[in-house]
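Q: I am new to this structure and would like to be taken through some of its strands. Could we begin once it is on display?

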Amino acid sequence: MTSTAPATTTPAPPAVQELGSEAAFTTDGFTLRVAVQGFDPAAAPDAPAPPSGGHWTAAEVRTCVDAAPSQATVNWSTWSVQDTTDGRYPASDLTYNQFPVPEYPFGSEPVNVGECVRGWVVFPVADGAVINRVRYAPNESVTATWNVADAPPPVYVPSTTPVAPELTAVVEETAEAPIEQPAPASGGAAAVGQPCSSPSSIGVDVNTGDNIVCVFMGSGGGNVWVQTAPIVGVNNVGAPCNDADNVSRTPEGKAIMCVQGEWMYGP
């Protein structure tokens, strides 16, 4: 018997979506909802300039995981922005403390089924470029684009624990180059025993000028600045190390420890 009922199809997302609208995807068993919720064409003016010149642009994005056959992870690498001449600018491979917060996960971080993650992704853009689209492309078969040409001014969430910019460790532009440390300030809360906001962050003790590291001390102790052994070189988490090396930092400026021959985040 032949049915005369019309076929039911699921319409594809529009070629260019409006700011705030969600794009839903199912690919390789993962079901995701993704949206661009904000845009700043001139983000982080106080951050070091991009290594290639130009300025920083940022997009506030949100990803929700509705189903997954295995652990889902998110990071900046799936995002880019495009200008009015179709020039494309991938997300930065650097992150600085001056970038807007909350920050979308910079490195690959897990997101469980039923959870969402939201934050800012930052892009190095040529001076004079007019960005009008934000693009999401987790693989060759899945893409979505949002129109940000008429985006309203961004709204940033203020930090709950302000830290003077001169007390914050600066990430250098290359992993091979030594990373500058700011000179100790005459006042502020970055000192051994004082509370801090981001575990594994590196700071400078205002009393001694020595490096200190933000460590989570348990549910009763919170995050606290502690003394650290000398921080040597730049290494990636998971890379092999010599236990005598003790403490290093990631290219993103986080403290790591050599444990049983492998670099990993500290306690």
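**Strands and their partners**

A: This is a predicted model. Strand β3, residues 30–43, and strand β4, residues 55–67, run antiparallel and are joined by 10 bridges.

Q: Which residue is the bridge partner of D40 in β4?
A: D40 has A58 as its bridge partner there.

Q: And how many bridges join β4 to β9?
A: There are 10 bridges between β4 and strand β9, residues 116–125, and these two strands run antiparallel. Within this pairing, C64 stands opposite C116 of β9.

Q: Changing topic: where does S80 lie?
A: S80 belongs to strand β6, which covers residues 79–83.

Q: Is S80 buried or exposed?
A: S80 is buried, because its relative accessible area is 7%, and buried means under 20%.

Q: What does S80 touch?
A: Leaving aside residues up to four places away in sequence, S80 touches R88, Y89, P90, A91, F123, V134 and R135.

Q: What is the strand order in the open sheet of 4 strands?
A: The order is β15-β16-β17-β18, and the pairing is mixed.

Q: Why is one side of β15 and of β18 left without a neighbour in the sheet?
A: β15 (231–234) and β18 (262–265) stand at the edges and each has a single partner strand, so one side of each has no neighbour in the sheet. Direction ignored, neighbouring strands of this sheet are turned by 40° against each other on average.

Q: How many bridges join β15 to β16?
A: 2 bridges join β15 to strand β16, residues 247–249, and the two run parallel. Here V234 stands opposite R249 in β16.

Notes: Residues are numbered from 1 along each chain as its sequence is written. This is a predicted model: local features need pLDDT of at least 70, side-chain atom pairs count only at pLDDT 80 or more; totals for chains, interfaces and linings use all residues. Side-chain values use heavy atoms; hydrogens and water are left out. Buried means under 20% relative accessible area, exposed over 50%, partly exposed in between (1.4 Å probe, protein chains only). Contact means heavy atoms within 4.5 Å. Two strands pair if DSSP finds at least two bridges between them. Axes are lines fitted to C-alpha atoms, for helices over the stretch in contact, and angles run from 0 to 180 degrees between N-to-C directions.
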